[in-house]
Amino acid sequence: MAKSRRDFLGMVFGGFAAAGGLAALYAMKRTWDPLPSVMAAGFTTVDLSPMKPGEFRTVTWRGKPIFILRKDKTDLKICKDQDVQINGEDFLVRIGLCTHLGCIPAWQPDRKIFKCACHGGEFDACGTNIFGPPPRPFDIPPFKIEGTKLVIGEEGPEYKKLVGKA
Amino acid sequence: MAQFTKANSLYEWLDQRLALSKLWKVLAAEYWIPKNINFLWAMGVVLVTMFTILVISGIFLLMYYKPDTKLAFDSVNYTIMQEVWFGWLWRHMHAVAASVVFLVIYIHMFTGIYYASYKRGREMIWISGMLLFVTFSAEAFSGYMLPWGQMSYWAAQVITNLFGGIPFIGDDLVVWIRGNFYVSDPTLTRFFMLHVFLLPLVIMMLIGLHFYTLRIPHVNNQDGEEIDFDAEAEKYKAGLKKESKVIPFWPVFLSKDFFVLGIFMIFYFFLVFYHYDFAMDPINFDPANPMKTPPHIYPEWYFLWSYEVLRGFFFDVGPLSAMDIGLIAFGIANVIFFFIPWLDRSPVVAPAHKRGAFFYWFWALLIDMIILTIWGKLPPTGINAWIGFFASITFLLLLLVILPKITKKEAQRAGGAV
């Protein structure tokens, strides 16, 4: 009798301690989460109309470089189902981070490739990995087209079509 | 109830209350070390000294360092280096000690492997030592981030990105660790916390554990001889110091240790005053820039071997991408040394030169790790990529296949005890 009462007290104590421990762990996990201000980081809007054929630009979105390359009226490879068409002009729009370990590859216009200095990965003008450790092509940032402007951070119909969601 | 009589001195007064003489006997004056050892047995005390130097120099750096992305770079390179009196000394002592401590850790580890000091009751010594190695690595990585230069930034970027390779939760985990979508202010401040508080605390507790694990099995000796420590200690205490196979930790063992330590400290301060630049990468004197990767990035020398294993696999094999193979190999490389006591299938405790094939295996492993270290710093193109690939494969084969094989044969020769 006394023994089972002790067991009960032990279980109550253990249960309380476990609940408190879990709550503390949850609070610790949440404390390490990105802050709301970080999560709500805004959108990046770029006007593409001033870009000339063959021009390469990098813009910033959520601390990441976004590669924009105008490819029409040049001898750069055009990949219809992977590029973004705005007003009949053809652009490559990609997150400019090597899909291996996140270094920023450099655009080499003479070789028409993106070359990553960290581990030697290479991507072609369609953003496809063609050499080295990168496991997949460059990622596509969520975007929306508004006239000649590109809004990065919002999923528009053109984006959904590009990643095969629609 | 203890009896307290009037004490005749402060020491006696404390001794009555804290049993200081007994504590000293247990910890030092009657803690027995074999006589049959060499200078390589002094590395433990060298490491304790290096860690102490890191803590003390760190305390002084901490008084002026600012863990904020806007202030960090200048607080190191301007305030500490140019304004604070002897700030340069603390920084160079801290940086050089952080680098040299790994050299001594590797010597300490390879001494343990050479003399088979990880088996026959010494497994916990080895495991606690490996835990120290892993924690020191995390401490070095978090500290390297703090000056917030280009190398700090991109090392942080690459290393935190490694967690993205974990299935399912990888991408979210990376953002969680960084506290942002990219390495930025919250990342710096939380790694600062890890570097100056949590990890040093863990290291101190692990050092305590590492010493504790030595208690029962005692330190190994040059011939792997099994010593009856109680009997030999009795001989020593009876005055038969010459006949006894052991010496007390204090003062006999430490007096020799201090000599080795003295030589080492000359080497250390020579580096601090004349060659501190080897621990200071020039690229890290450019402030961190998230939009520009330096043309060639590499970790500090002590991580190069595992870094080379990570990037050694540069082509896909079937469904496995090059990156996944590299990550798996890197994961194995980082934990494989924990399992040495079990990968070595032989019960023989002897120095490598008395263990036949094991001797060649030991030097093959050491040379392979030196090759990985050298090629880890070279750009991974052309022939270099292939050398890195073969050295990485060799590393995995040596530990996972060849070591169990040759030690199993040794066990059979020794009488099939295992």
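Predicted model: local features only at pLDDT ≥ 70, side-chain atom pairs only at ≥ 80, totals over all residues.

If you skip the neighbours within four places in sequence, B:N284 is in contact with B:P147, B:G149, B:Q150, B:M151 and B:S152. To find B:N284 on screen, look in the loop that runs between α11 (249–274) and α12 (304–312) of chain B.

Now zoom out to the whole of chain B. The chain is split into domain 1 (31–216 + 229–287) and domain 2 (298–418). Where they touch, domain 1 of chain B puts in 19 residues and domain 2 of chain B puts in 16 residues. Which elements give two or more residues to the domain 1 side? They are α5, α6 (123–145) and α7 (150–162) of chain B. Of that side, α6(B) supplies the largest share, with six residues. Sorted by class, the domain 1 side that touches domain 2 of chain B has 14 nonpolar, two polar and three charged residues.

While you're in chain B, have a look at helix α4 (residues 72–83) too. Its buried residues are B:A72, B:F73, B:S75, B:V76 and B:I80. What do they pack against? The buried residues of α4(B) sit against α3 (43–62), α5 (87–114) and α9 (185–214) of chain B.

Next, hop across to chain A. Contacts between the two chains involve 21 residues of chain A and 27 residues of chain B. The chain A side of this contact has eleven nonpolar, seven polar and three charged residues.

Chain A itself has an average pLDDT of 88, and 96% of the residues score at least 70. Within chain A, confidence is lowest in helix α2 (residues 36–39), with a mean of 84, and highest in strand β8 (residues 122–123), at 94.

Five of its seven residues are buried, so β5(A) is largely enclosed by the rest of the structure. Strand β3 (residues 64–70) of chain A pairs with β5(A) in the antiparallel sense over five bridges, and A:F67 has A:R94 in β5(A) as its bridge partner. Strand β4 (residues 84–86) of chain A also pairs with β5(A) in the antiparallel sense, over three bridges, and here A:I86 is partnered with A:E89. β4(A) and β5(A) make a hairpin with two residues between them, and A:N87 in the turn has a positive phi of about 55°.

Last stop: a three-stranded open sheet in chain A, ordered β1-β11-β10, with antiparallel pairing. β1 (44–47) and β10 (143–146) of chain A are at the edges with a single partner strand each, so one side of each has no neighbour in the sheet. On average, neighbouring strands of this sheet are turned by 20° against each other, direction ignored. β10(A) and strand β11 (residues 149–152) of chain A pair over four bridges in the antiparallel sense, and A:E146 stands opposite A:K149 in β11(A).

Terms used: Residues numbered from 1 in each chain as written. Chains lettered and ligands numbered in written order. Buried ≥ 20, exposed ≤ 12 C-beta atoms within 10 Å, placed from the backbone. Contact = placed C-beta atoms within 7 Å. Domains from an automatic or database assignment. Nonpolar A, V, L, I, M, F, W, Y, C, P; charged D, E, K, R; others polar. pLDDT = per-residue confidence, 0-100. Pairing = 2+ DSSP bridges. Axes fitted to C-alpha atoms, helices over the stretch in contact; angles between N-to-C directions.
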